[in-house]
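These are my notes from a first look through one structure. I wrote down what I looked up, in the order in which I looked.

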Amino acid sequence: MKLINVVVFVAVFTVMVGCREAGVNGPGTRNPGSGTYVVNEGGFAGGGNLSFFDPAAGTIVNDVVVNADNWLFPNDIYFFDGKMYVAVNGMDRIDVLDPANDSVLGSITFPVGRGPGFLVESGSVLYSANYDGTVSVIDPTADSILGSSARVVGFPGDIIVAQGKIFVSDLGAWPDTGKSIKVLDGTTLALIDSVVTGGAPARMVTSSGKLYVGTSVSGKVWRVDPGTLAVEDSCDVGAAPGDLAADGIYLYVLTADGVERIPLNGFERDATPLITRTGGIFNYAMDRDDATGELYVSTIVTAGGSGEIAVFTSSGIAVQAATQSGIFPGAFGFYRADLR
């Protein structure tokens, strides 16, 4: 399961041992066309699946995959060459789907315990940061694993590619949190360097030639030059940072209670949050639709992990009211039917 916010996540479960109106449909087949997939991670009793949000209709269809097993902890989603890849870390595989009909075409099977978690593309291949601390390279043509690295992190917080290098944040396992971002050669998967940030580095994003990483224990976001690997600056966001997004002007940082905005020029957060959570227990995931600039935010609303999603403009204005999704909605996939 995605560890968006170590401190808040532990605390919550210790205590608990102008809008488009939306409706909820499903389970069933979604309407054809573009929209947003929501990866519902589920819990130990199951419930992992995909929902689909239709922005034109303002509706969500839940459990849209027609021939998937009861997924255990799907964690990430990625589109490549007309196919959709879903990392199902609890079942040690990546399922390959056809978004035209939401059916599973096949699976890329990993060794038991490897747990593929986060996916990223570079050129003609995909990389997977795995929960056993390794990184695998995947051939999307044959949908097969070309090779895997040695263990490079204690527990991955994210993976990203910049300037031909692979960056894997070492979140670590609470309370033994990680302190650095590991840098791998994009061809050999050999460990070539580290960038020390401390504070359990987790989610990352690149923008305007820089790499940004949130450290979930220190409450800071760091700016790194991916070419020189120099740590250039940091910004305290006042809470544990979760998911990050950027548009070349601003960096958007999810926290348990809202979304902070940081101008990339100046690198000091706005005086007030861009978005403030008004319901639920805590925010869980965020992503930005590059086509519209809108921010998608998921919020956990019950102790069992039931979640809602809401959509905001880059100025923080709600354009989609909070709408029921599945259990622990933890990632978003923005699908464009016209780009198949």
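I count a residue as buried under 20% relative accessible area, as exposed over 50% and as partly exposed in between, with a 1.4 Å probe and protein chains only. The model is predicted, so I took local features at pLDDT of at least 70 and side-chain atom pairs at pLDDT 80 or more, while totals for chains, interfaces and linings use all residues. Residues are numbered from 1 along each chain as its sequence is written, and side-chain values use heavy atoms, leaving out hydrogens and water.

Entry: aromatic rings.
I searched the whole structure for aromatic pairs and got 14. Rings of Phe, Tyr and Trp (its six-membered ring) pair if their centres lie within 6.5 Å; planes under 30 degrees apart are stacked, over 60 edge-to-face and the rest tilted. I looked up Phe44 and Phe73: their ring centres are 5.1 Å apart and their planes stand at 85°, so this pair is edge-to-face. Phe44 belongs to the loop between strand E2 (35-40) and strand E3 (49-54), and Phe73 to the loop between strand E4 (59-61) and E5, so the pair ties together parts 29 residues apart in sequence. For strand names I use DSSP runs numbered from the N terminus: helices (H or I) have at least four residues, strands (E) at least two.

Entry: charges over rings.
My criterion is NZ of Lys or CZ of Arg within 6 Å of the ring centre and within 35 degrees of the ring normal. Arg261 has its charged end over the ring of Tyr250, 4.0 Å from the centre. Arg223 lies over the face of Phe267, at 5.3 Å from the ring centre.

Entry: the sheet with E5 to E8.
Two strands pair if DSSP finds at least two bridges between them. I found an open sheet of four strands in the order E5-E6-E7-E8, with antiparallel pairing. Its edge strands are strand E5 (74-80) and E8, and each pairs on one side only. From one strand to the next the twist averages 25°; axes are lines fitted to C-alpha atoms, for helices over the stretch in contact, and angles run from 0 to 180 degrees between N-to-C directions.

Strand E7 (residues 93-98) and strand E8 (residues 103-109) run antiparallel and are joined by six bridges. In E8, Val104 is opposite Leu97 and Gly106 is opposite Val96. The two strands make a hairpin with four residues between them, and Asp102 in the turn has a positive phi of about 55°.

Strand E20 (residues 210-215) has five of its six residues buried. With strand E19 (residues 201-207), E20 pairs in the antiparallel sense over five bridges; Leu211 is the bridge partner of Thr206. Two residues lie between E19 and E20 in their hairpin, where Ser208 has a positive phi of about 50°.

E20 also pairs with strand E21 (residues 220-224), antiparallel and over five bridges. Here Thr215 has Lys220 as its bridge partner. Four residues separate the strands in this hairpin, and Gly219 takes a positive phi near 75°.

Entry: the sheet with E23 to E26.
Another open sheet of four strands has the order E23-E24-E25-E26 and antiparallel pairing. Strand E23 (244-246) and strand E26 (275-276) each have a single partner strand, so one side of each is left without a neighbour in the sheet. Strand E24 (residues 250-255) and strand E25 (residues 258-263) pair over six bridges, and Pro263 is the bridge partner of Tyr250.

Entry: nonpolar cores.
I define a core as a set of buried Ala, Val, Leu, Ile, Met, Phe, Trp, Tyr and Cys residues joined through side-chain atoms within 4.5 Å. The largest has 19 residues, and those touching the most other members include Tyr127, Val135, Ile166 and Leu184. Strand E9 (116-122), strand E10 (125-130), strand E11 (135-139) and strand E14 (165-170) each supply at least two of its residues. E10 gives the largest share, three residues. Apart from this core lies another of 16 residues, including Leu50, Val64, Ile77 and Val88.
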